[in-house]
Amino acid sequence: MGETNAVKVYALSGFLGSGKTTMLQRMLADARARGEKAAVLMNESGEVNLDGLLVDSAVPMAEMLGGCICCTIKADLGMELLRLVEEHRPDVVWIESTGVAQPLAMMDAVTEASLYAHLELCGLVTVVDARHLLDRMRVGAGKTLRLMRDQIRGASLLVLNKTDLVGEAEIAELAAQLREWNASAPILPSVRCEVNPEAIERALPGRFRSRPDGTDERRRDGGQPQAREHGHHREQNHEQMHERDQSHDQGHSRNHDHAHDHAHDHNHAHSDNHDHRHERNLHQDRDRNQDHSGSRAQGHSHPDRERAHDHVNVLTHYLSGPVDSADFERMLRELPDGVYRAKGIVTFTDTASRFLFQYAYKETDFLRIAPQKPVPDVAVFLGEDFSSSDVLARLLKLTRQEN
Ligand SMILES: Nc1nc2c(ncn2[C@@H]2O[C@H](COP(=O)(O)OP(=O)(O)OP(=O)(O)O)[C@@H](O)[C@H]2O)c(=O)[nH]1
């Protein structure tokens, strides 16, 4: 990193399973090809960094697990970012948020960190799951649709991913919806986030340094100098942020009157065969959680305002042993509709190796892995209004069958 160049920071947003890690892998490969040193700040809702297993181990990475950087661990984001930058001196940092993060709250934390280090927030890339968004649009209003809309609104670049799962007319319909929610961000349709690097360069101004005279190296078409374009862009985001802050505040004061305790189901039952789970909502207060040490499964209550993803449940379950592969695949296929995303590491009784499994909105994927550090067999489920005890029962059945 040069003495005078700011570290470029990009944030990746997008609903659960939309393709953020897939996009991250592409961006890291791109940085490598450019000779740029990249670092990653990874936020996962579960307690194990499963996405991190998919990132080149040579890339410096800070992990923020078991909370969401837009709320419960927002304060830590700036700290982690500063530490990462100080320790590794990267040219560029990519932040991958959880699939339920409010992007503007996350950007707020990055901007705060830039007061203490030479950082520049250069873009917010939102990856959109074409199939899932379309289904949500068909259903109409709902918290998940609102969260998707917020992630789309805040973006400086929209990657309309998984277009292999929809038709041409649906892509056009989706693009029109994205345009309605976000008038300025370029929209790049993609399959597995395969997007033209030049289109990304045009969309994310910080990827090219402007010349000392303020003109833009990459603009060979007589367009506006980058400095102005960039400034304009940031102003726009600020405006959007301001607008959103106001509505947030309104929401806050409304909720304030109705402040209520959430008594979440934090069962931490250690079953007979020592399977072990941890269930909670994403806004669980981490500090309180630590206070519970050893018995953090206890319910807790707090009068916080309702957050955008209060409706999202997380179930983390540590498997006690190998399971049959066909039974496991069937269990995934038969997951309740409310489970949007599942991922984890599993050992099968009928194969020699371990697998990273992915389940994203009804599609499954298995990747053979050989982790470099010890990782448990674990399954994380995220979704809306699904019964954790039902999913847990299905998992326990799998391990019981093998014992
Ligand atoms: N069919 C299809 N699958 C895709 C596409 N892009 C990614 N996937 C798959 O979708 C699953 C989720 O992709 P990820 O990149 O892990 O999504 P993510 O947004 O990082 O997920 P979370 O961080 O858990 O919210 C994986 O199994 C991917 O292989 C695509 O364009 N089409």
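Helices (H or I, at least four residues) and strands (E, at least two) are DSSP runs, numbered from the N terminus. With that in hand, welcome to this predicted model, in which local features need pLDDT of at least 70, side-chain atom pairs count only at pLDDT 80 or more, and totals for chains, interfaces and linings use all residues. Residues are numbered from 1 along each chain as its sequence is written, and side-chain values use heavy atoms, leaving out hydrogens and water.

**Helices H4 and H5**

- Helix H4 covers residues 130–139 and helix H5 covers residues 143–153; their axes come within 10 Å and cross at roughly 125°. Axes here are lines fitted to C-alpha atoms, for helices over the stretch in contact, and angles run from 0 to 180 degrees between N-to-C directions.
- That angle makes H4 oblique to H5, given that under 35 degrees counts as roughly parallel, over 145 as roughly antiparallel, 65 to 115 as roughly perpendicular and the rest as oblique.
- The H4 and H5 crossing is left-handed, meaning that the near helix is turned anticlockwise from the far one by less than a right angle, while clockwise would be right-handed.
- On the H4 side, the contact (heavy atoms within 4.5 Å) is made by His132, Leu133, Arg136 and Met137, and on the H5 side by Thr144, Leu145, Met148 and Ile152.
- Five of these contact residues are nonpolar, two polar and one charged. In this scheme Ala, Val, Leu, Ile, Met, Phe, Trp, Tyr, Cys and Pro are nonpolar, Asp, Glu, Lys and Arg are charged, and the others, Gly among them, are polar.

**Two residues to look up**

- His132 sits in helix H4. Is His132 buried or exposed? His132 is buried, at a relative accessible area of 0%; buried means under 20%, exposed over 50%, and partly exposed in between (1.4 Å probe, protein chains only).
- Leaving aside residues up to four places away in sequence, His132 touches Phe15, Met148, Tyr340 and Tyr361.
- Glu170 belongs to helix H6 (residues 168–181) and is partly exposed, at 22% relative accessibility.
- Again not counting residues up to four places away in sequence, Glu170 touches Arg131, Leu134 and Arg138. The C-alpha atoms of Glu170 and Leu134 are 7.8 Å apart, though 36 residues separate the two along the chain.

**Helices H2 and H3**

- Helix H2 (residues 74–88) packs against helix H3 (residues 103–113) at an angle of about 45°, with the axes 9 Å apart. H2 and H3 are therefore oblique to each other, and their crossing is right-handed.
- H2 brings Lys74, Leu77, Gly78, Leu81 and Leu82 to meet Ala105, Met106, Asp108, Ala109, Val110 and Ala113 of H3. By class, these are eight nonpolar, one polar and two charged residues.

**Aromatic rings**

- The structure has nine aromatic pairs. Rings of Phe, Tyr and Trp (its six-membered ring) pair if their centres lie within 6.5 Å, and planes under 30 degrees apart count as stacked, over 60 as edge-to-face and the rest as tilted.
- Phe328 lies in helix H10 (residues 325–333) and Phe348 in the loop between strand E10 (339–347) and strand E11 (354–360), 20 residues apart.
- Phe328 is buried at 0% relative accessibility, and Phe348 is buried at 5%.
- Phe328 also forms an edge-to-face pair with Phe366, at 6.3 Å centre to centre and 70° between the planes. Phe366 is in strand E12 (residues 363–369), 38 residues from Phe328, and is partly exposed at 26%.
- Phe328, Phe348, Phe355, Phe357 and Phe366 make up one aromatic cluster.
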